[in-house]
Structure formats: C-alpha cells, structure tokens
Amino acid sequence: MSVTVEDSLQSKTTSFNEIPIVDIAPLLDNSNPMKVVQEIGYICEHIGFLYIKNHGVDEQLIKEAYELTEAFFLLPFEEKNKLNIIHSGQTLRGYIPMYAENVDPENTRDFKECFDFGQDTAEISPFFGPNLMPQQPVHFKTIFEQYHHAMLGLARQLIRAIGLSLGLPADYFAKLQTKPITIQRLLHYPPQQGEITKEEFGIGAHTDYGFLTILSQDANGGLQVQNRNGDWVSAPPVDGTLIVNIGDLVQTFTNDRYISTLHRVINTSGKERYSLPFFIDLDYDAKVKVVPTCRRDDTPSQYQSYTCGQHKYKRFVDSYTHLQTTLRE
Ligand SMILES: O=C(O)CCC(=O)C(=O)O
Ligand SMILES: [Fe+2]
C-alpha cells in the first residue's frame, strides 16, 4: 500500500548540506581540536544539528545494537509490558508502549514504542536506579551497556568542544556532569499506511530537553529538522555517521546563542524504522544558568536559573500519560 502525507507535513527535499557533516577525528585524536571546535560552534549557533563522522564508535557494536533492538520489539507485547516504565517509579526507565508518551500532545499522537535505560545504580532517586533489562534477547544487557558506555565517552568529548567553542574552560560543563542523567533509548516506529496526518505520526515536533543528544538512525529515514525559516528539512541517513543535536539546557546556558532545534519523525518508508538516541543532561541538582561568556549587560539573561532534574521532570510530566494520571489521582 502506498504512503502519502498531507500537505502540512511535507518536508523540503533539500540537499542535506543544510545539516552539515563534521569530521571529528581531529578532535578525538587531538591533531586539530580547535578546527572541530569552531565548526561545532558555528553549527550550534545556526542549525543546532550536525552529522559527525569518524566518531570512533565501533560499527559492529552499532550493528549488534540494531539486531537486538529489532529482536526486542518483536517480542510479544505481554513480554515487553512486564518492563513497563510505570513499574520503575521515579527511575523512569523501561518499556514505553505506543501512545504512552507524546512529545507534542496538543497536536500529535506519537506512533512509536520505546525502551529506555541508563546508568545502572543500586540507589533509587529521580532518573537513577536499576535498569529494567529484558532477559531476552540474550546479550541485550551486555551489548547495550557497551553501547551506553561508548555514547557517554563520545558525548563527553563533544561537550568539551562545546565548552571551548563558547570560550569556556574545556571542563566547564564536565564539572556539572559528575553523575549526569543519561538515557539510552531504543525506538521503534512501525510503518504507517495510507495518508499520514498531523494528528498521528512517528514523533511529534519537539526540542530535546537535555544537554546533548547523539542519535543513530537506521537506513529508512524520516527525521526532519526545522530551520530558522520554519521549513522542515530532511535529515536522511548518511552511512558511517551519527547525528548530534543540542538540547534546551544548552540554549539556556548560552542565553539563546546556541539553539535547541525543533525536530520530528514521519516514517513514510512503509517499513519498520528503528533509531537509537542517547540523551545526556547534567547532574540532577546542577544549576542551569547563563555562562559568563554569554552574559551581556545590555541584554540581561532572560532565564532564571533552574535545576536540571526539575526541568526534566516537568517535561516528562507533560509527555507521559502515566505521570499525568498519577498527578490527577
Ligand atoms: O528517531 C529519531 O530519528 C529521532 C528521535 C527523537 O527525536 C527523540 O527521541 O528525541
Ligand atoms: Fe528528539
């Protein structure tokens, strides 16, 4: 069956020049870090999204992660549902069924299911605690712990670069990320049939709540990014790359100099689409306030400072149906 989208959901078929590809090898091997720092700084200011290549994450690990993702989502609903996020209390991890999270709830129902995990800790506090890992498929826990570890390492390097690009010490943000909130998410977008309308598609328009996102997407495409003119630009899969975007916390830290860009996913491929976003925030109690190099006397900071964890929790309440129910009770 053919798939179409209503007019308001069309993206511009532009060259993905609009979302640039940055070779980050000179940052990772330290041969010319400032070249990468400058590129990243420019892109954060004007686009908020970039592809990175030569990112150093083992392609075999990524391939295995996708095989396990597919196998996990193929499990019967009853199996997946045993790990439902509603059983995870304030840790807020596990399986998120279709329609349980809608990131733009006023406009769109998200046509996706997810599985979230993070840094496994014995102690339970908001966004921390033991992961609800599935027993099946085998090796799920081992491979995904490696994947999470690889993403965390890469994120820390990119965040150093962001600090330097703002004229800050390289470890400025690392000091706020001694035990950061992280979420590694597995996403499944089932194929949609017929005309896709704005009421229901992959993931509604949103900005990411945290500091930085590193996204791997499969070969099916569907991610769209909104440019400053309000046009939706496709961010198609590019072999050997990962996508990086900055989140709301960076926009606050930089007094809007760096932008947390709206994006959405519409799966028009007619196939199962999978993606693997990794989200990193700050320590739960870390304060988010404008950095010294972005303060201006003539235009004082428009942001009150807030703590990372509180901000994130508010955004979760807005998008998770089970948290809204809890609050209403
Ligand atoms: O699946 C994708 O390509 C993007 C997912 C996304 O934007 C998110 O999970 O925040
Ligand atoms: Fe996102």
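In this predicted model, strand β12 (residues 223–226) runs antiparallel to strand β15 (residues 263–265), and three bridges join the two; strands here are DSSP runs of E with at least two residues, helices are runs of H or I with at least four, and both are numbered from the N terminus. Two strands count as paired if DSSP finds at least two bridges between them. Val225 has His263 as its bridge partner in β15, and Val233 as its partner in β13. Strand β13 (residues 232–234) is likewise antiparallel to β12, with three bridges. Five residues separate β12 and β13 in a hairpin, where Gly230 in the turn has a positive phi of about 85 degrees.

Then there's the open sheet: eight strands in the order β2-β3-β14-β11-β16-β7-β6-β4, with mixed pairing. β2 (21–23) and β4 (94–96) sit at the edges with a single partner strand each, so one side of each has no neighbour in the sheet. From one strand to the next, the twist averages 25 degrees. Within this sheet, β3 (residues 49–53) and β14 (residues 241–246) run antiparallel, joined by five bridges, and Lys53 pairs with Thr241.

Helix α2 packs on the sheet, touching β2, β3 and β14, with contact meaning heavy atoms within 4.5 Å. On the α5 side, Met34, Val37, Ile40 and Gly41 of α2 meet Leu158, Ala161, Ile162, Leu164 and Ser165.

Residues are numbered from 1 along each chain as its sequence is written, with chains lettered from A and ligands numbered from 1 in written order. Local features need pLDDT of at least 70, side-chain atom pairs count only at pLDDT 80 or more, totals for chains, interfaces and linings use all residues, and side-chain values use heavy atoms, leaving out hydrogens and water.

Note on methods
Axes fitted to C-alpha atoms, helices over the stretch in contact; angles between N-to-C directions.
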